[in-house]
Amino acid sequence: MAEALLSVDGLCKAYGALTVSDNVSFEVAPGELHALIGPNGAGKTTLIHQLSGLLRSDSGHVRLGGEDITRLPMAERVHRGLARSFQITSILPGFSALENVALAAQARSGSSFRFFANAAREDDLNAQAMESLRTVGLQGRASTPAGVLSHGEKRLLELAIALATAPKALLLDEPLAGTGKEESQSVTATLRQLKGRFAIVLIEHDMEAVFALADRVSVLVYGKIIATGTPEQIRNDPAVREAYLGEEGEAAHA
Amino acid sequence: MSAAGTDIAVTAKARQAVGGRERAIIATFVLLALAPIAAQAGPQGYIIDLITRMMIFAIAALSLDLILGYGAMVSFGHAAFIGLGAYAVGILASHGVTDFVVQLAAALAAAAVFAFVTGALSLRTKGVYFIMITLAFSQMLFFFGVSLSAYGGDDGLSLPERSRLFGLPLFSSDKGLFYATLACLIGCYLLCRAIVASRFGRVLRGARENPVRMTAIGFSPYRFQLVAYVISGMMAALAGALLANQTGFVSPAYMSWQRSGELLAMTIFGGVGTLVGPIIGAMAFLALEEWLAGLTEHWKMIFGPLLVCVVLFARGGIMGLAARIGGKRDG
Ligand SMILES: Nc1ncnc2c1ncn2[C@@H]1O[C@H](COP(=O)(O)OP(=O)(O)OP(=O)(O)O)[C@@H](O)[C@H]1O
Ligand SMILES: [Mg+2]
């Protein structure tokens, strides 16, 4: 394996007596798609919050390209190339789809303490934004207010926004959450297209998508990683089958 | 596709609202510019004085809208900045410094420092706490004003003379002050409009809608909100400097919490987050106050409930109401 781009070492987080991340360690190589699976409440989202800097970790380290970013605030991590999406769609509903993405481009293109020129007319930012929208197939919806996009389109917009930050690594928290069949296909197609271009941590409940896309899979249960391996290894791991995959049949009904 | 239909409707509606606002503000400025001429038919001095006052508060409400409407910062202490501007003029004038450029520079500097320090602390809090802490800071300044016995303390102080511009007594005539105020109002409006659409304004607006999203693309909303707070405070100080000239008098009452409340009411009354709304709101507010006060001495009994009704039933204030009426008429 190549030198890790993202490396997580002994990360812990507790809410009072409840330990949500319990000594989590794993590595993601450049271009690797690393899936993180686990039952509801396993602590997957919490872990993404810790990696992205939205939540402070109690202990442990996060490194990006060798640099320790554990103490950096979220915005600084983004500038260093760590972008994320949210499980619960987080966009600017009153802005057009294009402006949602253009803002991400603006964040890394010169100072934003400019007070006079109209930002919406900056061709360079708009062109970069359009490029990201095209990658996810939303170019036709550029001028639509983000708030009135369909749910599936909003999920794609989340991806386009993350892409426009020019990331090295992407943390994707259930990009398929709440999507219908057709929508989930277009999101999966987009993920396939992103695979290999970035180091990706993908949280997903949709096992079909996970096993189709992932290079490696880590299984998180009660905040602990109980196994890491290729999709094949994980499918056949007895501990995983017992702790997680065995429940899939029931979980699917929930 | 029905979704595409809704977008077009949404975009068209938004564009229509902006177009309507544009027409409203141009009409307002033209009417204001002509007002002194029309006033010749009536009690000219009284009318010019009243409209000057209305425009001064329009500047203050506009400055509040910049942070309230575009930054979701509910400041309950905005009158403090009016007070700072007014006292800068009053104190300097009492020492014989009557040049408006110097007075204004002092007013803006004082407001910038006060906004920076109090904003840096206040913006660490959110929601109700932000409201309370801005109120607390303005009350501190109010009581500081009361304790300034050298400058009249509780009673305030009278201006020995109105400000001069480059030695010229431009403000000494009511008409001179009127047009200077109008020029300031138009300038502040154009400035706010540019800011709101700029890179800076876009970050501010984004942080109003979803601060976590803005952080997740690499912005620190705090810095942008703080700068907006400083700009807004300085603009309100300009209103204060003009107010001191208009009334010829400065007192701690300018900084009272009631004044801050009135500024909020004017802004909400006109329509938050529209820039045009608060300008019209402030002027309508003062006109209504003046008219009701002429009708009965118990005018506050009518005025209070009326404001409550507008806020409750006409969401989006005057601008919201106008947009709905316009929308209905155009089908
Ligand atoms: N702010 C909080 N305070 C206390 N407990 C919390 C908080 N946030 C999350 N938790 C708890 O931490 C645990 C992990 O939550 P988390 O959202 O990380 O799980 P998840 O693996 O993402 O679940 P899902 O698959 O449902 O998205 C849950 O038991 C949750 O109730
Ligand atoms: Mg989750």
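**A walk from the magnesium ion to the chain interface**

Start by selecting Thr45(A): at a relative accessible area of 22% it is partly exposed (buried is under 20%, exposed over 50%, partly exposed in between; 1.4 Å probe, protein chains only). Then pick Gln87(A), also partly exposed, at 30%.

A quick word on what's loaded: this is a predicted model, where local features need pLDDT of at least 70 and side-chain atom pairs count only at pLDDT 80 or more, while totals for chains, interfaces and linings use all residues. Residues are numbered from 1 along each chain as its sequence is written, chains are lettered from A and ligands numbered from 1 in the order written, and side-chain values use heavy atoms, leaving out hydrogens and water.

Now show ligand 2, the magnesium ion. Its protein donors are OG1 of Thr45(A) and OE1 of Gln87(A), 1.8 to 2.1 Å away (donors are N, O and S atoms within 2.8 Å of the metal, or 3.2 Å for Na, K and Ca; water is not among the atoms, so sites may look incomplete). Thr45(A) sits in helix α1 (44-52), and Gln87(A), 42 residues apart from it, in the loop between β6 (82-84) and α3 (97-106). Helices (H or I, at least four residues) and strands (E, at least two) are DSSP runs, numbered from the N terminus.

- Select Asp22(A) and Lys224(A), bridged at 2.8 Å, N to O. They lie in strands β2 (18-28) and β10 (224-229), so the pair ties together parts 202 residues apart in sequence.
- Move to Glu32(A) and Arg216(A), bridged at 2.7 Å. Glu32(A) is in the loop between β2 and β3 (33-37), and Arg216(A) is in strand β9 (216-221), 184 residues apart. Glu32(A) is buried at 6%, whereas Arg216(A) is partly exposed at 22%.
- Then cross over: Arg202(B) is in helix α7 of chain B and Glu99(A) in helix α3 of chain A, so this pair joins two chains. Both residues are buried, and their bridge is 2.9 Å, N to O.

Finally, colour the interface. The contact (heavy atoms within 4.5 Å) takes 31 residues from chain B and 41 from chain A. About 3,000 Å² is buried, 61% of it from carbon and sulfur atoms. Which three residues supply 30% of the area that chain B buries against chain A? Arg199(B), Arg202(B) and Arg213(B), more than any other three.

Definitions and conventions
Buried area = accessible area lost by both parts, 1.4 Å probe. Salt bridge = Lys/Arg side-chain N within 4 Å of Asp/Glu carboxyl O.
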